[in-house]
Amino acid sequence: MKPIALKTVAAGMLLLAASLPAAAHVTLEYQVANAGSYYKGTFKVGHGCGNSPVKQIVVTIPAGVQGAKPMPKAGWALEVTREKLAQPRQDHGKTITEDVSRISWTAKTPADYLQNDWYDEFVLQAKLPAKAGMLYWPVMQVCEEGKVDWNEVPKPGQSLSDLKNPAAALELMPAGGGEHNH
């Protein structure tokens, strides 16, 4: 390869790397969805806390998200926390007075921990708010030694890459014509 071409490729790779969000935090596999749709949220976890393995993942359900249900994982216990709604709502003719506020996956034994050299996913499904915009999902990653709270939300003029511990971000697009996605 000619020296100029090599420099161009290297510069392009640096530009691409700078434009990607940091791979070190917990992110969603699909970062765009239709407002008001049903959504499968897959939280990607690519590391522990330093060299310490992950023993628990806790996802806080954002305001307006309804009916969150976790996917069980072999070797991990599930805990679903519910809270009373400020305003009850109707769902398929039934009055709903409380909803899921937090979902926690906890490794059953040290053999089930997510080792620092491994990658895993934690999945839930839920109905998204009807209003378009950004939706942030705080995730706490508890390790054998230490924890990381991925809960920072960008202020106006900031991007996720400006933050040390960004929350998982989902952009809600205006709802499409009559689609009902599950």
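This briefing describes the fold, core, strand pairing and salt bridges of one protein structure.

The structure is a predicted model, in which local features need pLDDT of at least 70, side-chain atom pairs count only at pLDDT 80 or more, and totals for chains, interfaces and linings use all residues. Residues are numbered from 1 along each chain as its sequence is written, and side-chain values use heavy atoms, with hydrogens and water left out. The protein contains 1 helix and 12 strands; helices (H or I, at least four residues) and strands (E, at least two) are DSSP runs, numbered from the N terminus.

**Overall organisation**

- Read from the N terminus, the order of elements is α-β-β-β-β-β-β-β-β-β-β-β-β.
- Of the 182 residues in the protein, 35% are buried; buried means under 20% relative accessible area, exposed over 50%, and partly exposed in between (1.4 Å probe, protein chains only).
- The protein exposes about 11100 Å², of which carbon and sulfur atoms supply 56%. Accessible areas come from the Shrake-Rupley method with a 1.4 Å probe, and for residues only the protein chains shown count as cover.
- Among contacts with a separation of 6 or more, 70% are between residues 24 or more positions apart; a contact means heavy atoms within 4.5 Å.

**Nonpolar core**

- The largest nonpolar core has 34 residues. Such a core is a set of buried Ala, Val, Leu, Ile, Met, Phe, Trp, Tyr and Cys residues joined through side-chain atoms within 4.5 Å.
- Phe43, Val59, Ile61, Trp137 and Leu170 have the most contacts inside this core.
- Two or more core residues come from each of strand 3 (38-45), strand 4 (54-60), strand 7, strand 8, strand 9, strand 10 (139-143), strand 11 (147-150) and strand 12.
- Strand 7 provides the largest share of the core, 4 residues.
- Apart from neighbours within four places in sequence, isoleucine 61 is in contact with Ala68, Val100, Ser101, Arg102, Ile103, Leu124 and Trp137.

**Strand pairing**

- Two strands pair if DSSP finds at least two bridges between them.
- Strand 2 (residues 32-34) and strand 12 (residues 168-173) run parallel and are joined by 3 bridges. Here alanine 33 has leucine 172 as its bridge partner in strand 12.
- Strand 9 (residues 133-137) runs antiparallel to strand 12, with 5 bridges between them. Leucine 135 stands opposite leucine 170 of strand 12.

**Salt bridges**

- The structure holds 3 salt bridges, each being a side-chain nitrogen of Lys or Arg within 4 Å of a carboxyl oxygen of Asp or Glu.
- Aspartate 120 pairs with lysine 73 in a salt bridge whose closest N and O atoms are 2.9 Å apart. Because aspartate 120 lies in strand 8 (residues 120-127) and lysine 73 in the loop between strand 5 (66-70) and strand 6 (76-91), the pair ties together parts that are 47 residues apart in sequence. Aspartate 120 is partly exposed at 23% relative accessibility, whereas lysine 73 is buried at 17%.
- Arginine 89 forms a salt bridge with aspartate 99, with the closest N and O atoms 2.6 Å apart. Arginine 89 belongs to strand 6 and aspartate 99 to strand 7 (residues 94-107), so this pair ties together parts 10 residues apart in sequence. Arginine 89 is buried at 16% relative accessibility, and aspartate 99 is buried at 8%.
- Aspartate 149 and lysine 147 form a salt bridge with the closest N and O atoms 3.9 Å apart. Aspartate 149 is partly exposed at 29% relative accessibility, while lysine 147 is exposed, with a relative accessible area of 51%.
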